[in-house]
Amino acid sequence: MRNSESSQKIGFIGLGMMGRGMAKHVLDKGHSVALLLRSKENEMHCADLLARGAQSLKTAAEVAATADVIIICVTGSPQVEEVVFSENGILQGLKPGCVVVDCSTSLPDSTLRVAEAIAAKNGKFLDAAMTGTPKDADEGTVNLLVGGDKEVLENVRPVFDLFAKNIYYCGAVSAGHTTKLLHQFVVLGNAAILAEAFSCASKTGVNLDVLCDVIASGGANSTAFQRLRPYVIEGNDQLFRFSLANAHKDMHYYARMAGEAKAVSFIGDAVHNAYTVAGNLGLKTQFVPHLLRSFNILNGAKEA
């Protein structure tokens with residue numbers, strides 16, 4: 001039986017490692033769900049959701065024409081702008097009053113342009129960047145960092161509650177994406193420092209097991225360390241399933257945001273450079289723990 005919040009139709013654009021898990025929880029709680037699935041391969045990826053009643057649509061405009069809330073979960077600003085502004089994009093089918101939610105990690109200045117365009121079509125917009133892992137999305141426990149009108153947030157909160165553990169109101173439009181980039185700088189900066197430290201440890205003959213125990217028991221312990229440790233000890237990269245390409249993109253966004261704010265970014269520039277080098281060494285498709293390989297290569301270590 002559907003409850004009062006479930007009378008809305010929720011559209012999902014972007015059904016990768018995060019979006020698919022979010023859509024699953026919305027569907028499981030009784031909402032009508034529309035999915036943007038442009039190919040047979042996409043449909044196969046979401047076959048279980050379709051079997052449980054989700055609707056498959058081919059264009060963002062079709063999703064916008066049917067949905068009361070649209071959740072975008074794509075790679076970054078170019079992809080968001082494509083699904084909003086393209087010939088068959090959201091703006092071509094947007095219903096008045098529809099709430100468009102960008103859960104991607106996007107550039108704040110692009111977010112402002114998208115929000116303005118949505119408002120011009122009598123729609124509403126929230127940026128709701130996520131923190132968490134694909135496992136969190138699958139379990140319905142991501143964190144949402146929300147920017148936009150507080151009243152709009154409260155109206156869609158029941159939907160967010162279906163897949164989010166914590167919902168943080170960060171301020172006006174783009175504040176959610178700004179906060180996410182700051183978060184990413186801290187996490188990815190920590191990962192880069194750890195990768196450099198472990199590579200230096202190998203070069204100087206320090207026992208990595210002992211170093212891990214020291215870090216775990218002291219002030220250097222962190223979530224990034226706990227996700228990297230299995231890779232350092234046994235080559236398991238599955239606790240940090242975030243590609244080096246996406247990490248580089250996020251650090252590029254952070255560097256651009258800091259530059260536009262005329263903020264000091266000595267460390268940010270160094271971290272950005274670390275991920276740039278890893279990509280140049282051919283590691284873009286690997287998960288973040290493989291940043292250690294980049295440092296090892298630069299330090300002259302032989303690849304296994």
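A search of the whole structure finds 0 disulfides, a disulfide being a pair of cysteine sulfur atoms within 2.5 Å. Cysteine 98 is in no disulfide, and the nearest cysteine sulfur, that of cysteine 103, is 13 Å away. The sulfur of cysteine 170 is 12 Å from the closest cysteine sulfur, in cysteine 103, which is too far for a bond.

The model is predicted: local features need pLDDT of at least 70, side-chain atom pairs count only at pLDDT 80 or more, and totals for chains, interfaces and linings use all residues. Residues are numbered from 1 along each chain as its sequence is written, and side-chain values use heavy atoms, with hydrogens and water left out.

Buried means under 20% relative accessible area, exposed over 50%, and partly exposed in between (1.4 Å probe, protein chains only).

| Residue | Relative accessible area | Class |
|---|---|---|
| Cysteine 98 | 2% | buried |
| Cysteine 170 | 29% | partly exposed |
| Histidine 290 | 9% | buried |
| Threonine 285 | 67% | exposed |

**The sheet**

An open sheet is formed by 8 strands in the order β3-β2-β1-β4-β5-β6-β7-β8, with mixed pairing. Its edge strands, each pairing on one side only, are β3 (55–57) and β8 (164–171). On average, neighbouring strands of this sheet are turned by 25° against each other, direction ignored. Helices (H or I, at least four residues) and strands (E, at least two) are DSSP runs, numbered from the N terminus, and two strands pair if DSSP finds at least two bridges between them.

Strands β4 (residues 69–72) and β5 (residues 99–102) run parallel and are joined by 4 bridges. Isoleucine 71 has valine 101 in β5 as its bridge partner. Helix α1 (residues 19–28) packs on the sheet, where it touches β1 (9–13), β2 (32–36), β4 and β6 (124–131); the direction of α1 makes about 170° with that of β1. Contact means heavy atoms within 4.5 Å.

Strand β7 (residues 142–148) is largely enclosed by the rest of the structure, because 7 of its 7 residues are buried. Both faces of β7 are covered, with Val142, Leu144, Val146 and Gly148 buried on one side and Asn143, Leu145 and Gly147 buried on the other. The pairing of β6 with β7 is antiparallel, over 6 bridges, and the bridge partner of methionine 130 in β7 is leucine 144. The pairing of β7 with β8 is parallel, over 6 bridges; here leucine 144 stands opposite isoleucine 167 in β8.

**Helices α13 and α14**

Helix α13 (residues 266–280) packs with helix α14 (residues 291–298) at an angle of about 80°, their axes 9 Å apart. This makes α13 roughly perpendicular to α14, a term for angles of 65 to 115 degrees; under 35 degrees counts as roughly parallel, over 145 as roughly antiparallel and the rest as oblique. Axes are lines fitted to C-alpha atoms, for helices over the stretch in contact, and angles run from 0 to 180 degrees between N-to-C directions. Ala274, Tyr275, Val277 and Ala278 of α13 meet Leu291, Ser294, Phe295 and Leu298 of α14 in this contact.

Histidine 290 lies in the loop between α13 and α14. Not counting residues up to four places away in sequence, histidine 290 touches Tyr231, Asp237, Leu244 and Leu283. Threonine 285 is also placed in the loop between α13 and α14. The C-alpha atoms of threonine 285 and asparagine 246 are separated by 8.9 Å, and the two residues are 39 residues apart along the chain.
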